[in-house]
Amino acid sequence: MPAFFRSIYLVEDKRLERELFGLKFKNPVGLAAGFDKDAKLYNELSNFGFGFIEIGTLTPKPQAGNPKKRLFRLKEDSGIINRMGFNNGGVHEAVGRLKKNKGVLIGGNIGKNKVTPNEEAVEDYKICFNALFDHVDYFVVNVSSPNTPNLRALQDKEPLTELLLTLKAENANNAIQKPILLKIAPDLSDEQLLDIIDIVSETKIEGVIATNTTISREGLQSKNKTEAGGLSGIPLNNRSTEVIRFLSEKSNKSFPIIGVGGIHSVNDAMDKLDAGADLLQLYTGFVFEGPKLIKNINKAILRSS
Ligand SMILES: Cc1cc2nc3c(=O)[nH]c(=O)nc-3n(C[C@H](O)[C@H](O)[C@H](O)COP(=O)(O)O)c2cc1C
């Protein structure tokens, strides 16, 4: 069966390969965090043609997340509002499953438990980082989910610098270092985005993932628009592209950017690449459009190369 899916969806071509932060991606279209939080499906999902898969967000201890119902489709807007709240089986359980990796390039997205106060958050990230170290290819520090109370305050300059420097120091304890990326919210001001550029340069982390879901509700039609949580999909597309362009231009392209947020078509993907994204990720577009979207984007990239 996997071979069947691969024959339908996989686009294999040298020209799709990307080399970034010392890693070789078979193609630039990845699966965004949150879909395979517990690393249960990454081997199967890779058969749909993804060049890489980000698991998580994982926390040190298992946690149930928010009460159901916590995921809402906004059909008329081609969007999703979710307030899952980092439901996951904990990082140690995921490590067991990652030992069964059949060659998938994996990003490990890490966070903190809800019960951990922000002052102790660094310890949670450290636990996840060290537990996953031998089992993922790159790390993503998630401080941008709107569904863990106060988490986004960790995007402020001082706590974020401390967090990233701590993880860099942990990284340096290993014979080989793994790339560390920061995932940011689309709701940051220009001033905050300039801070992010400074922090990346100061801490020497390898890159940024832009963006997570938004707390904005601008221009929505669906009745579910009043639900609390993070909004993804088409309503996020323009803002996410704007953030990518801003980071790319203001930093003079000094670090790689993974562009994510509202890619539902080949054009959306091309816009993000034009704005300065080096790699792409999908979540909501994959849910609404299905796996053919991955293939169509890769084919379009080939046509333009
Ligand atoms: C149901 C759901 C759960 C998500 N969970 C996570 C998560 O655990 N960690 C994370 O960094 N992002 C999470 N995200 C955000 C996505 O990774 C992505 O950044 C965002 O949805 C924008 O991309 P999209 O418009 O293609 O969905 C989640 C998104 C959705 C819809």
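Let's start at a turn. Four residues sit between the strands in the hairpin of β5 and β6, and serine 78 there takes a positive phi near 50°. Helices (H or I, at least four residues) and strands (E, at least two) are DSSP runs, numbered from the N terminus. Two strands pair if DSSP finds at least two bridges between them.

Some ground rules. This is a predicted model, so local features need pLDDT of at least 70, side-chain atom pairs count only at pLDDT 80 or more, and totals for chains, interfaces and linings use all residues. Residues are numbered from 1 along each chain as its sequence is written, and side-chain values use heavy atoms, with hydrogens and water left out.

Now the sheet. In what order do the strands of this open sheet run? The order is β5-β6-β11, three strands with antiparallel pairing. β5 and β11 are at the edges with a single partner strand each, so one side of each lacks a neighbour in the sheet. On average, neighbouring strands are turned by 20° against each other, direction ignored. For angles in this talk, axes are lines fitted to C-alpha atoms, for helices over the stretch in contact, and angles run from 0 to 180 degrees between N-to-C directions.

Take the pairings one by one. β5 covers residues 71-74 and pairs with β6 over four bridges, antiparallel. Phenylalanine 72 has isoleucine 81 in β6 as its bridge partner. On the other pairing, β11 covers residues 230-233 and is joined to β6 by four bridges, again antiparallel. Here glycine 79 stands opposite glycine 233. Isoleucine 80 has serine 232 as its bridge partner in β11.

Are the faces of β6 covered or open? Both are covered. In a regular strand the side chains alternate between the two faces of the sheet. In β6, residues 79-82, Gly79 and Ile81 are on one side, Ile80 and Asn82 on the other, and all are buried. Buried means under 20% relative accessible area, exposed over 50%, and partly exposed in between, with a 1.4 Å probe and protein chains only.

Which helix packs on this sheet? Contact means heavy atoms within 4.5 Å.

α7 has helix contacts too. First, α8. α7 spans residues 234-250 and α8 residues 266-275; their axes come within 8 Å and cross at roughly 20°. The two are therefore roughly parallel. The scale: under 35 degrees is roughly parallel, over 145 roughly antiparallel, 65 to 115 roughly perpendicular, and the rest oblique. The α7 and α8 crossing is right-handed. That term applies if the near helix is turned clockwise from the far one by less than a right angle; anticlockwise is left-handed. From α7, Asn237, Ser240, Thr241, Ile244, Arg245 and Ser248 meet Asp268, Asp271, Lys272 and Ala275 of α8. By class, that is two nonpolar, four polar and four charged residues. Ala, Val, Leu, Ile, Met, Phe, Trp, Tyr, Cys and Pro count as nonpolar, Asp, Glu, Lys and Arg as charged, and the others, Gly among them, as polar.

Next, α6. This helix covers residues 190-203, and its axis comes within 10 Å of that of α7, crossing at roughly 50°. α6 and α7 are therefore oblique. Their crossing is right-handed. Asp190, Leu193, Leu194 and Ile197 in α6 meet Arg239, Val243, Phe246, Leu247 and Lys250 in α7. This contact divides into six nonpolar, no polar and three charged residues.

Finally, backbone points to check on screen. Two are cis peptide bonds. Glycine 56 to threonine 57 is cis, omega near 15°; threonine 57 is in strand β4, residues 52-58. Lysine 68 to lysine 69 is also cis, omega about 5°, and lysine 69 lies in the loop between β4 and β5.

Phenylalanine 21 has about 35°. The loop between β1 (18-20) and β2 (23-25) holds phenylalanine 21. Asparagine 252 has about 50° and sits in the loop between α7 and β12 (257-260). Which of them is buried, which exposed? Phenylalanine 21 is buried, at 18% relative accessible area, whereas asparagine 252 is exposed, at 68%.
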